[in-house]
Amino acid sequence: MLAGLESGDCGELWNVTHPERVLAIQRRYVEAGADCLITNTFGGSRIMLARHGQADDLRAINQAGVRIAKEAFGDRVGYVLGDIGPVGAILEPYGDLSQADGRIALEEQARALVDAGVDAIIIETQTSVEELGLAIDAAKAAGAPCIIGSLAYDLSMDGTFFVTMMGVSPEKAARFVEKQGGHIVALNCGTGMDMIGAAKVARLYRKRSKLPTMVQPNAGLPVLEGGRAVYKQMPAETALGVPGVLAAGASIIGSCCGSTPEHTRAIRQVVEEFNRANPATNS
């Protein structure tokens with residue numbers, strides 16, 4: 001949005017209409033030290049794109065997103081994660097979207113991303129195991145070389161535990177992703193999900209699953225300004241929580257809402273210091 005996207009417009013369409021702007025953003029993260037880039041395809045399913053009248057361009061939009069992320073790395077070695085977000089409708093029996101239609105939409109997007117050469121599929125901001133399971137199956141059917149299942153957790157009112165909007169606990173999620181055939185169990189976003197919270201969830205993941213863990217917490221807790229959620233945590237403050245996440249056993253660390261390339265730079269610095277001090281772990 002800082003690059004000019006209007007609220008409510010289709011950001012994924014920029015992959016074909018404004019690729020230079022998307023590339024500039026992706027390059028800033030590479031320059032900040034990111035080893036992984038997530039494609040600009042979060043809302044790239046047919047169901048989501050139909051809301052903007054762009055469903056027929058699904059394959060072109062998703063594959064352009066992959067090309068841009070690859071180009072952003074240039075000559076540097078890096079990993080492109082094909083992003084699949086929620087389909088934007090609730091599955092039956094809780095909602096109106098049938099399992100069959102959900103599966104078709106997810107597999108179509110996954111195939112477009114895999115055919116474009118992603119290194120992994122990341123299924124993000126999930127709140128139910130039903131949709132997450134469909135998405136993992138879709139990624140497997142598409143031949144994804146690596147599948148990351150990432151859930152969004154909210155901190156309970158009393159501040160004692162995390163759970164998704166649909167009532168999924170980290171323990172249940174970790175067991176589910178492993179049983180379903182995912183390769184990495186992850187978290188991103190959610191109310192109250194900062195770096196400190198990410199460490200707590202990562203520990204629960206590690207207790208319940210043998211899978212590697214990935215965390216993408218928000219840049220602190222948001223405050224409301226003019227009806228908008230604003231994240232004010234500075235990069236240095238975000239980085240203070242990284243040692244706790246590393247101690248919890250996380251294998252991949254990133255950031256989500258409110259974060260910038262400078263947050264990535266600060267996180268990267270702490271990770272490099274940890275790797276130098278723990279060469280056996282790094283290997």
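Does Ser209 count as buried or exposed, and at what relative accessibility? At 6% relative accessibility, Ser209 counts as buried, where buried means under 20% relative accessible area, exposed over 50%, and partly exposed in between (1.4 Å probe, protein chains only). The structure is a predicted model, in which local features need pLDDT of at least 70 and side-chain atom pairs count only at pLDDT 80 or more, while totals for chains, interfaces and linings use all residues. Residues are numbered from 1 along each chain as its sequence is written, and side-chain values use heavy atoms, with hydrogens and water left out.

Ser209 is located in the loop between helix 8 and strand 8; helices (H or I, at least four residues) and strands (E, at least two) are DSSP runs, numbered from the N terminus. Apart from neighbours within four places in sequence, Ser209 is in contact with Ala174 and Glu178, contact being heavy atoms within 4.5 Å. Ser209 and Glu273 are separated by 64 residues in sequence and by 27 Å in space, C-alpha to C-alpha.

An open sheet is formed by 7 strands in the order 1-2-3-4-7-8-11, with parallel pairing; two strands pair if DSSP finds at least two bridges between them. Strand 1 (36–38) and strand 11 (252–253) stand at the edges with a single partner strand each, so one side of each has no neighbour in the sheet. Strands of a sheet pair through backbone hydrogen bonds, either parallel or antiparallel.

Strand 1 runs parallel to strand 2 (residues 79–84) and is joined to strand 2 by 3 bridges. Within this pairing, Leu37 has Val80 as its bridge partner, and Ile38 stands opposite Leu81. Helix 5 (residues 99–115) packs on the sheet and touches strand 2 and strand 3 (120–126), its direction making about 160 degrees with that of strand 2. Such angles run from 0 to 180 degrees between N-to-C directions, and the axes are lines fitted to C-alpha atoms, for helices over the stretch in contact. Helix 8 (residues 195–208) also packs on the sheet, touching strand 4 (147–151), strand 7 (184–188), strand 8 (213–216) and strand 11; its direction makes about 155 degrees with that of strand 7.

Strand 2 and strand 3 pair in the parallel sense over 4 bridges, and Ile84 stands opposite Ile123 in strand 3. Strand 3 is in turn joined to strand 4 by 4 bridges, again in parallel.

Gln126 lies in strand 3 and has Leu151 in strand 4 as its bridge partner. Gln126 is buried, with a relative accessible area of 2%. Not counting residues up to four places away in sequence, the residues touched by Gln126 include Gly85, Pro86, Glu131 and Thr164.

Glu131 is also among the residues nearest the centre of the second largest pocket, together with Ala89, Ile90, Thr127 and Ser128; 14 residues line this pocket. Strand 3 and helix 6 (129–142) each supply at least two residues of the lining.

Technical notes. 1 Å grid on protein atoms, 1.4 Å probe; cavity = no way out; pocket = protein on both sides within 12 Å on 5 of 7 lines; lining within 4 Å.
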